[in-house]
Amino acid sequence: MNPKDHYAALGLRSSATLADIKKAARQQASLYHPDRNTSPDATARFRLVQEAYDVLSDPVLRKAYDDNRQRNLLDSPIDTARTIWLDYFGRLT
């Protein structure tokens, strides 16, 4: 998972609705909350979920984030294709 991919942090597609974002954020926050999860990376994952929710739940920040994602896709299609490939096949293993 790319640490700056807010949609991946919540396990969502970019077409997610605000209700989807809220639900996924609650689920992920519950899963990675440091009081409930003793994994060494739980705190970092919890922070990523919080940051993702903060950005994606605000319409202005989400638009800016989506615009930047689109720009990056066009700027570096090879890197984007590699990331998509690894994300997709990484979930299958």
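Are Y7 and Y65 buried or exposed? Both Y7 and Y65 are buried, a term for under 20% relative accessible area, with exposed meaning over 50% and partly exposed in between (1.4 Å probe, protein chains only).

## Basis and confidence

This is a predicted model, in which local features need pLDDT of at least 70 and side-chain atom pairs count only at pLDDT 80 or more, while totals for chains, interfaces and linings use all residues. Residues are numbered from 1 along each chain as its sequence is written, and side-chain values use heavy atoms, with hydrogens and water left out.

The chain averages a pLDDT of 86, and 89% of the residues score at least 70, where pLDDT is the predictor's confidence in each residue, from 0 to 100. Confidence is highest in helix 2 (residues 18–32), at 95, and lowest in helix 5 (residues 77–92), at a mean of 74; helices are DSSP runs (H or I, at least four residues), numbered from the N terminus.

## The aromatic pair

The structure holds one aromatic pair. Y7 and Y65 form this tilted pair, at 5.9 Å centre to centre and 45° between the planes; rings of Phe, Tyr and Trp (its six-membered ring) pair if their centres lie within 6.5 Å, with planes under 30 degrees apart counted as stacked, over 60 as edge-to-face and the rest as tilted. The pair links distant parts of the chain, with Y7 in helix 1 (residues 6–10) and Y65 in helix 4, 58 residues apart.

## Surroundings of R62

R62 lies in helix 4 (residues 59–75) and is buried, with a relative accessible area of 15%. Its side chain makes a polar contact with the side chain of Y7 (3.0 Å), and the side chain of R62 also reaches the backbone oxygen of S14 at 3.0 Å. A polar contact is a pair of N or O atoms within 3.5 Å; within protein, one must be able to donate a hydrogen and the other to accept it, and residues adjacent in sequence count only if both atoms are side-chain atoms.

Terms used: Helix = DSSP H or I, 4+ residues; strand = E, 2+ residues; numbered from the N terminus.
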